[in-house]
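Here are my notes on the model you sent over.

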Amino acid sequence: MRLTLFLLASVISLSCYGQFQNANWCFGQNVGLSFIGNNSGSAPNVNFGPGHFVPVINASEGVATVSHRFTRNLLFYSNKGDLYDKNYNPMPNGIGISADKNGTSAQGVCIVPVVNDIRKYYVFTLGGVNGLLAYSIVNTTLNGGLGDVIVGQKNIPIDSGFSEAMTVVEGCKGYWLIVYKQLTSSFYAYRITTSGISTTPVVSTTVYPKTTGDTVTIKVSPDRSLLGLTSWAGSFVAMHDFDPILGSVTNARLIDTNMNSASGFYGCDFSPNSKRFYISAHNKKDIYQYDLAQATTAAVIASRKTVHHDTLFTGAIQLGPDGSMYIAMEHANWLGRIRNANTLFPGCKYISTTIFGTSSSALFGLPQRVVRPIQQGGDSAFVSMSQKTDCLNPPTVLYAPKGMISYKWQNGSTADSFIVNTPGTFWVTATDGCATFADSFFIVGYTSYESHTTQDSICPGDSLILFHYRDMIDDPSRVWSWNTGSTNDSITVSTPGQYIVIMRNNFCHTAIDTFNIVYRDTSYKIRVVDDSICAGQSLTLFSQVDSSHSGSTRIWNTGSTNDSINILTPGKYWVTMKSNRCNTAIDTFNIVQGNMSYETQTIEDSICVGQSLTLFPQGNSSHSGSTRIWNTGSTNDSINILTPGKYWVTTKNNTCHEVIDTFNIGIKTLAFTPTPDTIICPDDTMSLSAGIFPNGTHVVWGHGDTGLVIKVYDKGTYTFVAEFEGCEVDDRINLTQYPNTMIELGEDREVCSDELIMLPTIVTSEEEDKYKWQNGSTGRVFRVTESGTYHVEVLGHCQTLRDTVNITVHLCHLFFPSIFSPNGDGKNDNAHLVGDIANVSQYELHIFNRWGNEVFASNDVNIGWDGTYKGKPAAMTTYYYYIKFRYSNKDEMMKGDLTLIR
């Protein structure tokens, strides 16, 4: 005989998701979520804009947030390698708490309450080049109650060489901090108790059929029995068994390898009931569900369903305080959400929810869950029962509950079971590592004897079956002996008297049952029932008197022996009923023809496009015994329709009344013409109209405004839902923005004549912008070929711009000196044209003194003035020159002043 001793009287609640320490999330780019209620199933409240919940944060991954566990007010959060207080300011000593300065470790931060001290929190960090695991301690009473890292308790190293995966799970009066060392394929579980952090981890080595690559995320199920892992570069998903008492990770098995390295398995988490596992394939933009309730790993692999495919990259998955799964969609101003996460797909529902606003967006990560230690007490459950184990043959085996760390029986035995051969009191104590439990048990062994007497009665002419009263399902060794001579387990009797049966078995047990049987008293009842029947209908007649007696028999004048009969014509019907209580009853039914009446009714109604409508009979539909037939063939009280048309139902009842209800169902439409997608100028105000709707239409915009027309001040996508008399439509309006037009012709400048000058020098404008230059041309560019003042006007969508520039064009490859010294030293003794003179033709040089007299002239480009006039040295003064020539097939002219010095 197997006997289990006890059950645990105290139930451990492992679902801490409803606790207020997780009521607020800070993550991504300025995203703050505040969850309303606890396990309500409603979406979190999102506040944004000045004066609302917009935290200062810009972290792509590795984020954590903690709130007060009683008031649910925000306490502090992480931002890359720093800690910020509830006012979104850096903690004075909270800068640089992590080796991961850029916040790019998927699970780079965990916040853990210090055991038995609600004022302090461990902040574990993971990352950097060497995968450093370290911790700091925050005291929330420091810095005027805003909190700060305790001096001397910052960046305390534990170990290095870890991947970017880290999670925390509840333990008995403490926690397990679990990280993954990729090079050795090992999980490290660090125990956290009232004594602090144990630096000696529990190491569990796992072997996978393929390399892990980069391990991104690990999560432990709410019931603490499973540990899931996703591998990005390894492109697989693994499941393991987790022991919350020992901290060990065992039985590694792959549940998904049907991916290539480009798939990028990233986020993962368990459903609240621990039976479903959700992961995100980042590069494939998919979200998958696995059914962990399947009996084999192959069945779990085959159970994978695609819950959602998106156009955006999928990131972290986190179970929220409301029991829904939340998914970070990269660079979206909303979160993905899976409701009914315990239910197999398609019962679980994916929706895009929780819009943040244009200043905020999700990135890769979501905050890690903040857990609390399990405070479990002991149990002493005395089992007050006597187990009659006749002769104790075979012996009784007492079993203690499985899964305990240690056992101790009354004789010192430490086994999980105990064999009982003799009567007595037995007890056992057991511990599960958190608490100690105890139970006692009383075993009686004996040769037993019992007797039982039963009083019963029988009707004259009837029979009665007598069964042995005790031990009907005992062992096969039992035998019976009746005083009638029968050895069966029952006999049939038809006369009063005393009947005795003796039962014996091989367990030293004897039982005697005595049956004293007498005749019962007889009774006789008559009842008359008057009723009517409708023409063309049937009527069901039921026996009215004593119809509930056990063993009753009936006979109708129609010959039927059923409890009731169906009739089609008026007349006289009767039934005789006899019961095993010796009662006889006769029911007589006088049935006459009923008078028929008719009623018709027409109902006008309409149905919304894409919705259903339920039709109910309107006239006298509540009469008892009514039957209905719809033109659709249904016989139900109502029907659901999806399309307009004509429908009718005929209702008949047992009062001979017939009703025909006709439903003329039209279609109800909600036509509208919203503001079209529009391009606006910066700083413009735009009125958006949902369209023209009937009076009474209720319009709700995606950001919370109501009304047919709203004013907006920025670009974006604006959605709305309109509802009128049960009909609902939705649409969206996209507003984009013209870029700012900018044009610059540059600074005033001098250029060479052969230099290609194109204006403008800087321009950003739309193709539709219009140009007008100083000469009336309208091209988008202007080529400069000569000196002058140039300007352009640009007429853009949102503004008109103008710019002006002065450009002087020189011949940069030819030069005539402004000073020369004809002193015979061989340097600068002649004033002549220098440079690219080989390409000069039709040359004329004329030099004049200040009185206008020509002192020198030449038609040879190679001959210049030697500083003499009429055979004598000319005076040292300023002269003026004029040159005409043709250069590069173009007529040119140069003039200026020339100073003679000696």
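1. Met758 counts as partly exposed because its relative accessibility is 38%; here buried means under 20% relative accessible area, exposed over 50%, and partly exposed in between, with a 1.4 Å probe and protein chains only. Met758 sits in strand S64 (residues 757-759). Helices (H or I, at least four residues) and strands (E, at least two) are DSSP runs numbered from the N terminus.

2. Before going on, please keep in mind that this is a predicted model, where local features need pLDDT of at least 70, side-chain atom pairs count only at pLDDT 80 or more, and totals for chains, interfaces and linings use all residues. Residues are numbered from 1 along each chain as its sequence is written, and side-chain values use heavy atoms, leaving out hydrogens and water.

3. Met758 also belongs to a nonpolar surface patch of about 290 Å², together with Leu756 and Val781. Areas come from the Shrake-Rupley method with a 1.4 Å probe, and for residues only the protein chains shown count as cover.

4. For the chain overall, the secondary structure comes to one helix and 78 strands. Of its 902 residues, 45% count as buried. The accessible surface is about 44,100 Å², and 50% of that belongs to carbon and sulfur atoms.

5. Now to the rings: the whole structure holds 24 aromatic pairs. Trp25 and Phe35 make an edge-to-face pair, because their ring centres are 4.9 Å apart and their planes stand at 65 degrees.

6. Tyr77 and Tyr84 give you a stacked pair, at 5.7 Å centre to centre and 25 degrees between the planes. Tyr77 counts as buried at 0% relative accessibility, as does Tyr84 at 11%.

7. Finally, look at Arg191, whose charged end sits over the ring of Trp176, 5.1 Å from its centre. Lys285 lies over the face of Phe313, 4.8 Å from the ring centre. (The cut-offs: NZ of Lys or CZ of Arg within 6 Å of the ring centre and within 35 degrees of the ring normal.)

Key: Rings of Phe, Tyr and Trp (its six-membered ring) pair if their centres lie within 6.5 Å; planes under 30 degrees apart count as stacked, over 60 as edge-to-face and the rest as tilted. Patches are made of residues with over 30% relative accessible area and no salt bridge: like charges are joined within 9 Å, nonpolar side chains (Val, Leu, Ile, Met, Phe, Trp, Tyr) within 5 Å. A salt bridge is a side-chain nitrogen of Lys or Arg within 4 Å of a carboxyl oxygen of Asp or Glu.
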